[in-house]
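User: I'd like to learn how to read side-chain features in a model. Can you walk me through a few?
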Amino acid sequence: EGVAAEAVSLAGHLGLGKLICIYDDNRISIEGATDITFTEDVSIRFKAYGWHVLSVPDGNDVDAIEAALKAAKAETEKPTLIILRTFIAFGSPNKQGLADAHGAPLGVDEVRLTKRNLGCDEEECFCVLDDPLNVYRRCIEAGEAAETGWRECLQQYQERYPGLARDWQEALDGDLPAEWDADVPVFQPAEGPIATRAASGKVLNALAGRIPTLIGGSADLAPSNKTLIDNSHDFQKPAYSGRNIRFGVREHGMGAIMSGMILHRGVRPYGGTFFVFADYMRPAIRLAALMKQPVIYVFTHDSIAVGEDGPTHQPVEHLVSLRAIPDLTVLRPADATETAEAWRVAMRSTDEPVALILSRQKLPVLDRNVCGSAEGTARGAYILSDCDKTPEIILIGTGSEVHLALAAQEILKEKGIAARVVSMPSWELFEKNDAAYKDEVLPPSVTTRLAVEAGLPLGWERYVGRSDAIIGIDHFGASARGDVLMEKFGLTADNVVQRAMALLNR
């Protein structure tokens with residue numbers, strides 16, 4: 001797979017000497033022999049990546065395989081690729097080495113002939129020869145002895161260093177330290193507007209100071225994503241103690257590596273890039289969701305408000321795209337305070353990856369003495385600003401568009417129209433609430449609703465009931481300042497008011 005090159009390249013750069021990969025070189029793909037599409041020299045390519053490359057001409061030569069593995073383990077400064085020449089359907093007299101064996105069973109008659117060829121009992125349903133079976137039984141015995149010795153060593157360590165042993169076990173179990181979020185900043189309106197990406201960087205550093213297992217980086221965008229841990233250094237060859245990983249321009253590799261890191265246990269990985277580049281990461285994100293691994297994705301530059309980067313960087317359909325992935329929690333906070341709460345949600349997650357969708361542009365910090373508590377972020381949606389009677393209309397927003405809804409609420413109030421503003425940073429979290437809470441936030445009796453989000457409108461019908469009750473954007477390609485684009489495409493408080501008035505037939 002071409003995308004594997006990203007991880008391969010980074011492994012070579014970092015000199016990951018403990019990594020050993022075995023390449024099953026059977027030269028067959030579904031369509032036929034690989035040489036109809038693939039004639040490159042894999043050995044030379046991996047050497048260019050900085051890998052140690054070994055070759056075993058006969059995939060059935062057990063002694064040669066063992067020798068190659070020992071040589072791979074002896075190389076400590078480079079990852080190793082062992083190219084193992086094998087034959088698909090080995091032993092089949094009519095299908096060995098053929099594409100037919102790639103995606104279809106051999107069939108009853110061919111299985112019988114293959115068993116005869118390999119010296120198995122043709123009538124035995126599942127044949128395992130004694131020689132390999134005995135090898136594996138010896139492996140079990142050796143493994144049990146090794147584990148017993150390791151547990152004795154661990155017991156001694158726990159007795160000698162109880163504090164370190166406790167920290168180590170907590171890390172392996174994924175437990176958060178006591179008071180892990182005690183240093184998370186409390187953002188105040190008087191401090192002025194701040195982009196949620198910048199607020200995220202402040203929160204990340206506050207968490208990193210108390211959670212030593214938090215480690216990550218960015219796909220060549222750390223200064224923009226605000227994903228650097230300030231009081232640490234880079235994770236680089238030959239010193240691997242740093243917590244800042246320079247993934248380089250390798251979004252898919254970054255996503256896949258993060259899943260591998262968390263499967264290894266003991267660390268909590270995060271990775272950042274521009275939201276539009278979530279496209280490159282999608283297979284890795286989907287697999288993390290499938291595996292229920294709580295990795296953290298930091299996506300910044302969350303809308304057409306990115307400005308002059310223009311068509312290539314405008315994430316229009318991306319919110320819908322990520323929301324469509326089962327078991328992925330997507331959060332688009334409206335201000336710095338919601339961003340802090342979103343990070344708390346991410347750190348508490350134990351069985352789902354979390355995607356934080358953050359703004360490039362500065363946003364006002366909402367006054368929580370006036371607005372609803374940002375703790376509602378963890379519930380996916382909450383009443384941010386209410387009216388003094390049953391609302392005639394509910395305005396629902398995410399991210400920067402929440403501020404448009406709040407401004408529209410004030411204008412509507414002047415016109416004698418009672419409006420409620422709901423901040424809905426996460427559909428997934430909101431859907432996990434019981435019916436009573438959801439009805440409290442979105443009363444079924446209030447059917448006039450308007451959603452505002454700088455993204456593809458698809459999906460908001462479930463909360464507003466009708467397609468003409470959504471202000472979004474369903475195209476890309478314009479290049480201008482972010483504020484100009486937002487105005488040109490109707491993402492303004494005045495347009496929210498006009499649409500609300502139309503829905504109310506006023």
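User: Which ring does Arg-323 lie over?

Analyst: Keep in mind that this is a predicted model. To call a charge over a ring, look for CZ of Arg within 6 Å of the ring centre and within 35 degrees of the ring normal. Here Arg-323 sits over the face of Trp-427, 4.1 Å from the ring centre. Arg-379 does likewise with Tyr-437, at 3.7 Å from the ring centre.

User: Which cluster does Trp-427 belong to?

Analyst: Ring pairs join Trp-427 with Phe-430, Trp-460 and Tyr-463.

User: And how do I describe a ring pair?

Analyst: You give the distance of the centres and the angle of the planes. The count in this model is 14 aromatic pairs. One of them, Phe-46 with Tyr-49, is edge-to-face, with 5.9 Å centre to centre and 85 degrees between the planes. Tyr-157 and Tyr-161 have centres 5.3 Å apart and planes at 50 degrees, so that pair is tilted.

User: Is Phe-46 buried or exposed?

Analyst: Check the relative accessible area: under 20% means buried. Phe-46 has 9%, so Phe-46 is buried, whereas Tyr-49, at 23%, is partly exposed.

User: Where is Asp-302 found?

Analyst: Look in the loop between strand 10 (296–300) and helix 12 (318–323). Asp-302 is buried, because its relative accessibility is 2%.

User: What does the side chain of Asp-302 make a polar contact with?

Analyst: The partner is the side chain of Arg-332, at 2.9 Å. Leaving out residues up to four places away in sequence, Asp-302 also touches others, including Phe-275, Pro-315 and Ile-357.

How values were computed
Residues are numbered from 1 along each chain as its sequence is written. This is a predicted model: local features need pLDDT of at least 70, side-chain atom pairs count only at pLDDT 80 or more; totals for chains, interfaces and linings use all residues. Side-chain values use heavy atoms; hydrogens and water are left out. Helices (H or I, at least four residues) and strands (E, at least two) are DSSP runs, numbered from the N terminus. Buried means under 20% relative accessible area, exposed over 50%, partly exposed in between (1.4 Å probe, protein chains only). A polar contact is a pair of N or O atoms within 3.5 Å; within protein, one must be able to donate a hydrogen and the other to accept it, and residues adjacent in sequence count only if both atoms are side-chain atoms. Contact means heavy atoms within 4.5 Å. Rings of Phe, Tyr and Trp (its six-membered ring) pair if their centres lie within 6.5 Å; planes under 30 degrees apart count as stacked, over 60 as edge-to-face and the rest as tilted.
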